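Me: Hi! Could you walk me through this fold while I look at it?

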Amino acid sequence: MGEIIRIHPERREPEPLWREVLGRKLRERREDQGRRLVDVAERAGISPQYLSEIERGRKEPSSEMIAAVSGALGIELARLLGGISADLGRPTVHRSAGPTLMAA
């Protein structure tokens, strides 16, 4: 019969959860400042384990916790939230390795 060539269209990755983007932003800021997790957690008044879970996107922190951590990092809350909103608005596209060739 011939060959069938299938081109995989771009597939969207699942959108990240808000808490995952929040955690990534907080970790990036902390690391950019060269600060240790334990020091930031102490300054925010939370345990290092809890801050680690926030940074890994495992916990959905309260607004009070977000404010405490952003304050400990010296980040304006509005700027942090704006950055998260911008990241969530960017589409994530997964590109396939290329066309699939199938013999019929």
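Me: What should I know about the model before we start?
Reply: This is a predicted model, where local features need pLDDT of at least 70, side-chain atom pairs count only at pLDDT 80 or more, and totals for chains, interfaces and linings use all residues. Residues are numbered from 1 along each chain as its sequence is written, and side-chain values use heavy atoms, with hydrogens and water left out.

Me: Thanks! In what order do the elements of the protein run?
Reply: From the N terminus on, they go β-β-α-α-α-α-α-β-β. That comes to five helices and four strands, taken as DSSP runs (helices: H or I, at least four residues; strands: E, at least two) numbered from the N terminus.

Me: How many residues are in the largest nonpolar core?
Reply: The largest one has 17 residues, and L22, L26, I46, L51, V69, L73 and L80 have the most contacts inside it. Such a core is a set of buried Ala, Val, Leu, Ile, Met, Phe, Trp, Tyr and Cys residues joined through side-chain atoms within 4.5 Å; buried means under 20% relative accessible area with a 1.4 Å probe, protein chains only.

Me: And which elements give two or more residues to this core?
Reply: Those are α1 (18–32), α2 (37–44), α3 (48–55), α4 (63–73) and α5 (77–89).

Me: Picking one of them, what is V69 in contact with?
Reply: Leaving aside neighbours within four places in sequence, V69 is in contact (heavy atoms within 4.5 Å) with L26, A44, I46 and L51.

Me: Switching to α1, which residues are buried there?
Reply: V21, L22, G23, K25, L26 and R30 are the buried residues of α1, and they pack against α2, α3, α4 and α5. Just after α1, G34 takes a positive phi of about 70°.

Me: How do α2 and α3 pack?
Reply: Their angle is about 105°, with the axes 8 Å apart. So α2 is roughly perpendicular to α3, a label for angles of 65 to 115 degrees. Axes are lines fitted to C-alpha atoms, for helices over the stretch in contact, and angles run from 0 to 180 degrees between N-to-C directions.

Me: Nice, which residues meet there?
Reply: L37, V38, V40 and A41 in α2 meet P48, L51, S52 and E55 in α3. They divide into six nonpolar, one polar and one charged; Ala, Val, Leu, Ile, Met, Phe, Trp, Tyr, Cys and Pro count as nonpolar, Asp, Glu, Lys and Arg as charged, and the others, Gly among them, as polar.

Terms used. Buried means under 20% relative accessible area, exposed over 50%, partly exposed in between (1.4 Å probe, protein chains only). Angles under 35 degrees count as roughly parallel, over 145 as roughly antiparallel, 65 to 115 as roughly perpendicular and the rest as oblique.
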